[in-house]
Amino acid sequence: MTMNNVGRPTGPGAGGATAGHASLTGGRGLLQDEPLLFELGGWDKTGVDFDSAEHDASDLGDLVRTAAIGLAGLSEPETMRHYVRLSQKNHAIDLALYPLGSCTMKHNPRLNEKMARLAGFADLHPLAPVSTAQGALELIDRLAHWLKTLTGMPAVAMTPKAGAHGELCGLLCIKAAHEAAGQGHRRTVLVPTSAHGTNPATAAFVGYSVTEIAQTADGRVDLADLEAKLGDHVAAIMVTNPNTCGLFERDVIEIARISHAHGAYFYCDGANFNAIVGRVRPGDLGVDAMHINLHKTFSTPHGGGGPGAGPVVLSEALAKFAPAPWVVHDGTGLKLVEEAAGEAAQAFGRMCAFQGQMGMFVRAYAYMRSHGADGLRQVAEDAVLNANYIKARLSAEMTPAFPDGPCMHEALFDDSWLEGTGITTLDFAKAMIDEGFHPMTMYFPLVVHGAMLIEPTETEPKRELDRFCDALLALARAAKAGDAARFTGAPYLAPLRRLDETLAARKPKLTWRPDPPALSEERAQVLAS
Amino acid sequence: MRYLPLTPDDRAQMLSVIGAPDIEALFADVPSAARVTELFNLPLHAGELEVERELVSLAARNRPAGAGPFFCGAGAYRHHVPASVDHIIQRSEFLTSYTPYQPEIAQGTLQVLFEFQSQVAALTGLDVANASMYDGSTACAEAVMMAKRVTRREKAILSGGVHPHYAAVTQTIAHAEGMEIVRQKAAIDAEADVIAAIDSTVACVVVQTPNVFGVVTDVTRIAEAAHAAGALLIVVTTEAVSFGLLKSPSERGADIAVAEGQSIGNALNYGGPYVGLFACREKLVRQMPGRLCGETVDADGRRGYVLTLSTREQHIRREKATSNICTNSGLCALAFTIHLSLLGEVGLRQLAALNHSRARDMAGALKSAGVEVLTPRFFNEIAVRVPDASAAVEALLADGIVAGVPYSRLDPHAGLDDVLLLAATETTTSEDITALAAALKRRAGR
């Protein structure tokens with residue numbers, strides 16, 4: 001063995017078996033086995049320092065809590081360690097491609113984070129006098145202008161807090177419009193079989209019944225079936241375009257025309273707007289309402305599942321039913337209309353307590369200004385190019401669900417190429433984790449068996465796309481070669497192996513439970529001091 | 001363009017692998033009538049410096065809460081958030097990850113959600129909490145819809161102390177679902193008036209404590225009346241720090257507790273993003289809206305966390321789901337959890353005591369200045385009588401004081417134009433309070 005002059009080995013060592021080697025402590029190298037906050041912290045430990053209160057709470061009598069809350073505290077160094085260790089168990093777009101179809105996981109520019117934290121935005125109270133919030137109202141107004149221009153729509157409701165909340169807002173506008181026109185008997189919403197689950201759930205949430213529209217063999221809305229199901233009872237159709245198969249609805253203008261001819265509104269699910277931004281205006285297609293996921297197309301961070309933001313652009317027919325509040329210009333400046341009365345009497349109500357996701361508005365606006373009209377068009381082109389490149393390369397081993405013609409921003413494969421291998425889409429996805437990639441969207445849309453929906457977005461360099469395709473092709477060859485254990489037992493190399501979701505649902509354990517301790521004398525004294 | 005990695009050469013190579021002559025060929029399915037060939041009438045791309053200049057100049061036209069004496073509350077509160085909170089939530093692995101659909105590589109997010117749910121359950125005293133809602137107001141609306149599912153009744157009573165925007169959101173959703181909302185007349189200290197309206201057709205009673213006027217109410221009797229009629233009690237709280245001082249909703253008989261969690265970990269952000277807290281009794285869990293994280297084990301028997309009970313949710317149940325919700329307020333929930341970990345039991349109690357103490361200072365100073373305080377029992381927020389409160393707020397701006405929220409801004413038709421809502425937190429100094437009292441006194445003297 002080579003050593004330096006104090007006897008420290010300098011070579012890699014003789015090496016032993018590494019496969020299957022387990023640590024003595026349960027961690028994996030730098031990846032620590034991290035207990036729960038409640039197991040680490042203490043009731044008497046804190047990471048903040050406060051002045052003591054000058055007055056007690058005797059004025060509140062027995063309204064004051066006597067029992068322990070049951071919280072655990074950590075000092076600041078422990079807090080940093082705990083959450084940084086946990087963070088290292090997450091995949092993230094900053095680590096590698098995150099090809100979740102329909103989710104548009106693109107790069108989140110850090111400029112946007114910096115801008116959202118300017119005190120003028122972050123430390124601004126939602127009910128601050130409007131004369132002290134003119135810059136915020138101006139930003140909302142400018143963002144609204146961009147959204148209206150990019151979609152070719154005359155109005156936008158800014159307050160919905162996520163895509164599904166935007167769908168709710170759009171359908172409430174449609175419902176209000178029908179009621180105002182004496183068409184309240186229209187109670188059915190038509191939804192394609194390939195739709196996001198939120199579409200039928202939203203329709204049901206506002207009291208509509210849902211009828212499915214069939215899909216053609218080439219993955220589009222079946223016009224004949226749509227026409228057969230339209231009628232005096234239909235309030236709206238909800239169509240995603242580009243659709244969840246990653247395809248542009250070629251007949252979209254006709255879909256809008258016949259829906260309108262039957263008195264129905266056309267709600268477009270704008271989840272996939274990234275594919276067409278700067279190249280197609282939904283307003284030109286006959287759309288009446290469409291939500292825009294600012295966290296998808298306009299890159300506000302997904303943050304582990306939220307917060308999102310879902311402004312809804314509206315046609316002239318629906319605009320006057322939009323919910324409060326909104327921004328208007330009066331002679332002297334910008335004003336916030338907060339009450340659905342007088343000038344706003346037809347507004348259907350209110351979606352949330354305040355002005356919507358202002359923090360997301362700042363980020364989305366910074367993103368739009370950075371790209372500009374030219375950059376946004378390039379966004380759509382590169383997103384579509386990247387998806388088609390993946391589709392072309394992976395088709396060497398995998399089976400695209402719709403092989404003929406180009407896809408839009410995402411490439412959809414079925415599982416027919418896995419037939420006979422004993423390996424499922426889920427197994428394949430879990431094996432991707434061992435290769436360092438987040439799986440694609442699986443088993444969605446429901447219309448394709450064992451679906452694998454891959455959306456790379458425009459922020460992936462070619463080198464990363466090639467690395468991804470090389471890995472998937474190698475896995476596909478391994479699957480076909482009969483290396484089933486690589487898949488059925490995967491993942492082997494992730495922070496955890498495959499998790500038992502059935503157990504979680506059968507015996508739900510949703511909170512950490514202490515044994516409820518009576519507040520001991522000592523604790524009571526410390527807490528009271 | 002700095003966010004787009006493909007070079008012209010990459011694009012050409014990729015088109016050739018695809019077998020497409022040009023990029024237009026990939027858009028062949030778009031009808032020609034719908035293709036926009038020219039650039040939109042919007043500015044062209046801009047460098048960081050230029051974008052930053054524009055946004056800094058917009059931000060400069062707003063007056064941050066921290067710029068001087070500031071007393072706005074009414075559903076959003078200015079608190080100090082430790083620097084480490086914002087540092088952690090900006091870590092790539094939290095900021096740029098998605099919903100934890102692949103639990104093996106999302107244990108960070110999932111364990112945080114489990115800790116968040118445990119903290120919310122502890123604060124409210126209830127058995128289970130979900131992984132968060134959009135904000136307090138939508139959580140309130142969802143709670144009412146949940147009560148409808150649980151009781152199969154179609155009427156809800158809202159007290160006159162519920163935040164008017166929460167009531168409006170709830171009415172909006174309820175109207176769509178065909179549920180009747182009886183909203184009692186706005187009243188400063190009359191939560192118990194809901195009791196007279198309870199009958200066997202009522203699905204739930206919604207009360208707020210501390211209410212929008214700052215009044216803390218013992219809701220035990222309301223709970224008893226609701227339960228006797230087979231209805232649920234929903235308790236709303238807009239100031240989550242109050243859980244550190246006051247008896248929990250569960251101790252008072254709540255079946256569902258909803259709250260705005262912004263106060264812990266999250267900036268004011270002009271109204272969003274915030275984080276809605278939602279907790280309930282265990283037996284109601286399968287009617288709960290939103291995401292839930294649960295504990296389980298992996299193939300090697302190691303403890304881990306997954307999203308669970310998803311058979312309630314839209315992506316499985318579609319039109320039969322308990323809600324259309326497809327997201328939570330993940331990053332805001334993370335900020336909440338980190339801040340509350342730093343506070344702990346001791347810190348939250350101290351923070352709550354400090355807030356209450358500052359509000360006592362404020363109420364005392366205003367009384368001494370001859371201002372009528374309308375809130376008999378308060379946590380950190382009071383209502384005071386000031387003639388034409390809107391005009392008073394505008395006038396005090398000239399003194400550099402943001403003197404709270406006129407109630408009429410929230411509820412213009414209640415006839416309470418002389419009610420001003422004022423909040424004090426640990427960020428409020430005694431100099432701020434002195435300035436406020438002096439300015440209101442000067443105004444009254446004119």
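1. Helix H6 (residues 107–124) of chain B packs against helix H11 (residues 330–368) of chain B at an angle of about 65 degrees, and their axes lie 9 Å apart; helices (H or I, at least four residues) and strands (E, at least two) are DSSP runs, numbered from the N terminus. Axes are lines fitted to C-alpha atoms, for helices over the stretch in contact, and angles run from 0 to 180 degrees between N-to-C directions. The crossing of H6(B) and H11(B) is left-handed, a term that applies if the near helix is turned anticlockwise from the far one by less than a right angle, clockwise being right-handed.

2. Before going on, note that this is a predicted model, in which local features need pLDDT of at least 70 and side-chain atom pairs count only at pLDDT 80 or more, while totals for chains, interfaces and linings use all residues. Residues are numbered from 1 along each chain as its sequence is written, and chains are lettered from A and ligands numbered from 1 in the order in which they are written.

3. To return to the pair in point 1, H6(B) contributes residues including B:Thr109, B:Val112 and B:Phe116 to the contact, and H11(B) contributes residues including B:Ala333, B:Phe336 and B:Leu340; two residues are in contact if their C-beta atoms, placed from the backbone, lie within 7 Å. The residues of the contact of H6(B) with H11(B) comprise 7 nonpolar, 4 polar and 1 charged, where Ala, Val, Leu, Ile, Met, Phe, Trp, Tyr, Cys and Pro count as nonpolar, Asp, Glu, Lys and Arg as charged, and the others, Gly among them, as polar.

4. Chain B as a whole has 14 helices and 13 strands, and its C-alpha atoms fill a box of roughly 80 × 55 × 50 Å along the principal axes. Among contacts in chain B between residues at least 6 apart in sequence, 72% join residues at least 24 apart.

5. Between the chains, the contact takes 175 residues from chain A and 170 residues from chain B. Helix H12 (residues 358–394) of chain A supplies the largest share of the side of chain A that touches chain B, namely 22 residues, and that side divides by class into 91 nonpolar, 48 polar and 36 charged residues.

6. Chain A also holds an open sheet of 7 strands in the order S1-S7-S6-S5-S4-S2-S3, with mixed pairing; two strands pair if DSSP finds at least two bridges between them. Strand S1 (155–157) and strand S3 (209–213) of chain A stand at the edges, each with a single partner strand, so one side of each is left without a neighbour in the sheet.
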